[in-house]
Amino acid sequence: SELEINKLLEEAERITDLETQLQVIARLALRLPPQHYLAIVTYIWEQSSGLTDLVVYTRVMFQVTPLLALLHEEPTVSPPLLEIIALAQAISSSDARVRGLINLTPYLPAVIRIRLLYRILEEIDQFHSDTQRSQALNTLADHLLPEAAERALHSAEMIQQPGERARALIALARYLPISLRTGLRSAVLTAISNIPDEEERTEILVAFTPHLEYVSDMQQLPLLLEHSLAIILSVTRRHLRARALVALAPHLTVDLQGEALAAVHSLADERERAVLLAQLAPVLPPDMLVASLMVAHSMQAQDTRVHALVALAQHVPESARDQTLLDALAAASNLPNPYERVIALAGLVDALPHHLKEQTYTHALEAVRLITNENAHARALGLLAPHLPSHLLVRARDTARQLGSPGQRITALISIAPHLSPEQRHMTLREILGAIGELPFDYKRARALADLGALLPPMLLPEALEIAHELTDPFDRTNAYIALVPRLPIEQRRPVIAECWKLIKYIENGYDAASALAALAPLLPPSAAHDLAHAAGMIIGAIMDDYDQASAITLLAPIIAMQNQVAAASVDLPDKYAALENGIHSALRVPHQQVRLQLLMEGAALWVEMGDRERSYQLWRELVQRIAMLSHADVLLCLGALTPVIRQLATPDGLKAIAQLIESR
């Protein structure tokens, strides 16, 4: 058993004779799982330089050869990462289990990753719900490898409900080899055309249309467009048909783009008409854009008229642009709802001439003062702050100070502070710290400190840390500390990080503990990788809820993988052929003829499995020069021992030539 082999390995490590020890360890290693190879091969490779007996050295090199090959072809996975894979596989809910395994795949070596992808796809095929299967394939698509693409396509094609099948195929479309995409696009449209519900049919067709941009086969594109238009014609509701035509418009002829525009203009709902007109505007020719201006002006609702005019102003011909912008500005300035007025003016200002910008910002800031809902008030200030000139920024800050809710006041001031002058910023940040102290709950104070952390200068950090020290909930306190640590002087960081490490153990909710550890990880040195991986495994293993456990795996997989990378990077292993080459060269130096021949035959058996023909031939060229220096009898015996290699490298004619050379000699 593995346990007994490990005990034997411990005994072998106590053998004092190096030659015996390395041979025993090498022979035991192949009976252990691959995760043990890295440490064993590293030890043998480092110690083998101390071997003086050529025969022993050769045998050790030959015994290490398959281990090195396995290490390179199937890189090892650290025990913590294997433990997390085992935990993910043990999740009882199939949906959560697959989600956890999918999110582990990016951190695994390619060979293991491919095997796991096949295992995941088999599990997905067992789902009873088509919706679950489609969603799982959607998640998997981002992590797919070309080797598993065709298998994933098969899983998608097995989905019975046409809507879910189409969604899964669309998700896979970006990641499939080009050879599979042609058939996939036709399969998507066939699935869409079989969806009974018009709204779902339209929604999925709209999601598919961007993939038409990547069609390189110009003979296939007209067929796909024809199929897509047939689906649109099958839709009876006007607004759905208009939505689909607008999505397809970039690929249509001018006449069909005119049909799309007519479909938009015919809609009774002005808001939907404005939204679709904004989407259609970038692809319309100039004459259609000018015609659309009349429709935009005819809209009764001011907010929809503003939305349509702003969208059209970006694309109408130069001759009509200035007037369109002025019309949009007038409509935006007269919106009765002050919050909508701020949103409209902010969306318009970048397109306005320079001389109108400050006036527009002033109007927008005046509109902010009229917003009675403090949440909306704070959001509006946050939207304007990055663009305001300095004198209006001060006015915006004064407006924010008047908010009664400390939470909304903090939100608004944090958005304004980065754009103030240094002196005004310092004063504002001090005010924010004072407002944080007024917040009623730990989680709100912790969240505010996290939002503020990146802005704090060194002289205000002690005050922020004092607020963090007073938080009683370990999760909230950890989050606050983590936000402040990067701003602290290097010499002050260690005790705060150490305190975070202690606090994580006291966070009761497993998912919260996982998110805290994930946030803390970037602040720790590489030497902490092993401890981090161990802590991550403990947290994941302690979570009882399947979905929380899968989410925690998603958060912590990068941390555990980092430990695997650190372990691999700390070892400078030779390539997978180095041990074989060393062994062959060493065997040739063995003075005893029969032993030399036996070793060369053992080496030849490994050599023919090398796989790299160029490297194999290079070794042969080096070796044949040395063989040529031997006596005639030794040359014949060596060539006899290496016959499998010669047969592999030489053609039949080459073998005859070698025989003739030997005979002539």
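Residues are numbered from 1 along each chain as its sequence is written. In this predicted model, local features need pLDDT of at least 70 and side-chain atom pairs count only at pLDDT 80 or more, while totals for chains, interfaces and linings use all residues, and side-chain values use heavy atoms, with hydrogens and water left out.

**Exercise 1. Aromatic pairs**

Find how many aromatic pairs there are, and classify the pair Phe441 and Tyr443 and the pair Trp607 and Trp620.

Solution. Start with the rule: rings of Phe, Tyr and Trp (its six-membered ring) pair if their centres lie within 6.5 Å; planes under 30 degrees apart count as stacked, over 60 as edge-to-face and the rest as tilted. The count by this rule is two aromatic pairs. The ring centres of Phe441 and Tyr443 are 5.9 Å apart with planes at 15°, so this pair is stacked.

Next, take accessibility, where buried means under 20% relative accessible area, exposed over 50% and partly exposed in between (1.4 Å probe, protein chains only). Phe441 is partly exposed at 44%, and Tyr443 is partly exposed at 38%.

For Trp607 and Trp620, the centres are 6.5 Å apart and the planes at 50°, so the pair is tilted. Helices here are DSSP runs (H or I, at least four residues), numbered from the N terminus. Trp607 lies in helix 34 (residues 593–607) and Trp620 in helix 35 (residues 613–627), so the pair ties together parts that are 13 residues apart in sequence. Trp607 is buried at 0% relative accessible area, and Trp620 is buried at 13%.

**Exercise 2. Nonpolar cores**

Identify which residues touch the most other members of the largest nonpolar core.

Solution. A nonpolar core is a set of buried Ala, Val, Leu, Ile, Met, Phe, Trp, Tyr and Cys residues joined through side-chain atoms within 4.5 Å. The largest has 178 residues, and those touching the most other members are Ile124, Leu140, Ile192, Leu384, Leu433, Ile436 and Leu517. Apart from this core lies another, of 25 residues, including Tyr577 and Val645.

**Exercise 3. Arg185 and Leu524**

Locate Arg185 and Leu524, and state whether Arg185 and Leu524 are buried or exposed.

Solution. Arg185 is in helix 11 (residues 178–193) and is buried, at 7% relative accessible area. Leaving aside neighbours within four places in sequence, Arg185 contacts Phe208, His211, Tyr214, Val215, Gln220 and Leu224.

Leu524 sits in the loop between helix 30 (510–520) and helix 31 (529–542), and at 18% relative accessibility Leu524 is buried. With the neighbours within four places again set aside, Leu524 contacts Ile497, Trp501 and Leu532.

Definitions and conventions
Helix = DSSP H or I, 4+ residues; strand = E, 2+ residues; numbered from the N terminus. Contact = heavy atoms within 4.5 Å.
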